[in-house]
Amino acid sequence: ELLDSTAGLQPADMLACQLREFDRRMEEAARHPGSKIIFIHGKGEGVLRAALLDRLRRRWPRCEVQDASFREYGFGATQVTIRR
């Protein structure tokens, strides 16, 4: 839902767009220690989830990461808690 259309985009282009939005949202959330943010990545093949987790480990190692509530979000969501 980040783009009006994905026509003509390669999977790598779509992933890059998703990661740019992820970075933007994390930068915004990082200004509010203690806040929580949910990233909906879907089940799929796990490519986006793996990329998000890798980025979190490298750029935001102090954040707490866990699967988001299945009851609220179903499968395919990750919760990040911003730490000081």
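Is Phe75 buried or exposed? In this predicted model, Phe75 has a relative accessible area of 59%. Residues over 50% count as exposed, so Phe75 is exposed.

**Aromatic pairs**

- A search of the whole structure finds 3 aromatic pairs.
- In one of them, the ring centres of Phe22 and Phe39 lie 4.7 Å apart and the planes meet at 55 degrees, so the pair is tilted.
- This pair links distant parts of the chain, since Phe22 belongs to helix α1 and Phe39 to strand β1, 17 residues apart.
- Both Phe22 and Phe39 are buried.
- Phe70 and Phe75 also form a tilted aromatic pair, with 4.6 Å from centre to centre and 55 degrees between the planes.
- One aromatic cluster is formed by Phe22, Phe39 and Trp60.

**Helix α2**

- Helix α2 covers residues 47–59, which is 13 residues.
- At 1.5 Å a residue, helix α2 should span 18 Å, and this agrees with its end C-alpha atoms, which are 18 Å apart.
- The buried residues in α2 are Leu48, Ala51, Leu52, Leu53, Arg55 and Leu56.
- An α-helix has 3.6 residues a turn, so residues three or four places apart point the same way.
- The buried residues of α2 are covered by elements including helix α1 (11–30) and the strands β1 (36–40), β2 (64–67) and β3 (77–81).

Conventions. Residues numbered from 1 in each chain as written. Predicted model: local features only at pLDDT ≥ 70, side-chain atom pairs only at ≥ 80, totals over all residues. Heavy atoms only, no water. Helix = DSSP H or I, 4+ residues; strand = E, 2+ residues; numbered from the N terminus. Expected span 1.5 Å × (residues − 1). Buried < 20%, exposed > 50% of the residue type's maximum accessible area, 1.4 Å probe, protein only. Contact = heavy atoms within 4.5 Å. Phe/Tyr/Trp six-rings, centres within 6.5 Å; stacked < 30°, edge-to-face > 60°.
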